[in-house]
Amino acid sequence: MKTNIVTLLALISLAHHAYSLTCIGCSSDSGNNNPGCEGTISLVNGAGDSFIFVNCSKMEKPRCFVTYTEQKYDSNIWLRGCCEMKETDSRCWGSEHQVDTDGNFETWRKTCDSGDACNFVDPTDSSSGGGGGSGILTVNGNNLATRSTGGFLMLISSAILVFVLKD
């Protein structure tokens, strides 16, 4: 009986750590013209050769991102993938719309953690979230749903374990 309970507790603990975020990963630029990565991506037909799905679970604060950089003297750049919501990761951190002071480029950025492949949007489209402002509102923290559930399950599991082992 005690072995079954210990096994159950181990499975509950593993389920707590199983949360992951999957993002679309692709790029399009002068060296890699990939129209399937540009604009708003349709997920109906699947990835094909245009993009892949990237598991971001190894990151501490994972988010999906999409950036579009319009360059004055070079080809435009589309990037999609995983990023970490830390100041050191420029793919996640920064304003939603950035204009170079010399007018050489403009960059639009959107990040999300609302679900798998949430970075299918066109970051230049102000109707796809962000309120159309000139900056990004950043609330430090994480999605606590999985952590809260896991913490609660661990608390209950520990109480059961103490109760069973006490006998």
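These notebook entries record what I looked up in the predicted model shown above.

**Ground rules.** I number residues from 1 along each chain as its sequence is written, and I leave out hydrogens and water, since side-chain values use heavy atoms. As this is a predicted model, local features need pLDDT of at least 70 and side-chain atom pairs count only at pLDDT 80 or more, while totals for chains, interfaces and linings use all residues.

**Entry 1, overall make-up.** I began with the secondary structure, taking helices (H or I, at least four residues) and strands (E, at least two) as DSSP runs numbered from the N terminus. The protein chain has two helices and six strands, in the order α-β-β-β-β-β-β-α along the sequence. Of its 167 residues, 31% are buried; buried means under 20% relative accessible area, exposed over 50%, and partly exposed in between (1.4 Å probe, protein chains only). I noted an accessible surface of about 10,300 Å² for the protein chain, 55% of it belonging to carbon and sulfur atoms. These areas come from the Shrake-Rupley method with a 1.4 Å probe; for residues, only the protein chains shown count as cover.

**Entry 2, strand β4.** I next examined β4, residues 77–84, and found it largely enclosed by the rest of the structure, because six of its eight residues are buried. Two strands count as paired if DSSP finds at least two bridges between them. On that basis β4 pairs with β1 (residues 22–28) in the antiparallel sense over three bridges, with C26 opposite R80. Eight bridges join β4 to β3 (residues 62–71), also antiparallel, and P62 stands opposite E84 there. A hairpin of five residues connects β3 to β4.

I then turned to W78, which lies in β4 and is buried at 8% relative accessible area. Contact here means heavy atoms within 4.5 Å. Leaving aside neighbours within four places in sequence, the contacts of W78 include C26, C37, G39, V66, Y68 and P123. I recorded 8.5 Å between the C-alpha atoms of W78 and G39, which are 39 residues apart along the chain. W78 also belongs to the largest nonpolar core, which has 11 residues, among them I24, C26, C37, V66, Y68 and W108. β1 and β3 each supply at least two residues of this core. Another core of seven residues lies apart from it and includes C56, C64, C112 and C118. A nonpolar core is a set of buried Ala, Val, Leu, Ile, Met, Phe, Trp, Tyr and Cys residues joined through side-chain atoms within 4.5 Å.

I counted as a salt bridge a side-chain nitrogen of Lys or Arg within 4 Å of a carboxyl oxygen of Asp or Glu. The structure holds five. R91 and D89 meet at 2.8 Å, N to O; R91 is partly exposed at 35%, whereas D89 is buried at 10%. K110 and E96 meet at 3.6 Å, N to O. K110 lies in β6 (residues 105–112) and E96 in the loop between β4 and β5 (97–99), so the pair ties together parts 14 residues apart in sequence. K110 is buried at 9%, and E96 is buried at 13%. Salt bridges that share partners join E60, E84 and K86 into one network. Within it, E84 and K86 meet at 3.8 Å, N to O; E84 is buried at 16%, and K86 is partly exposed at 31%.
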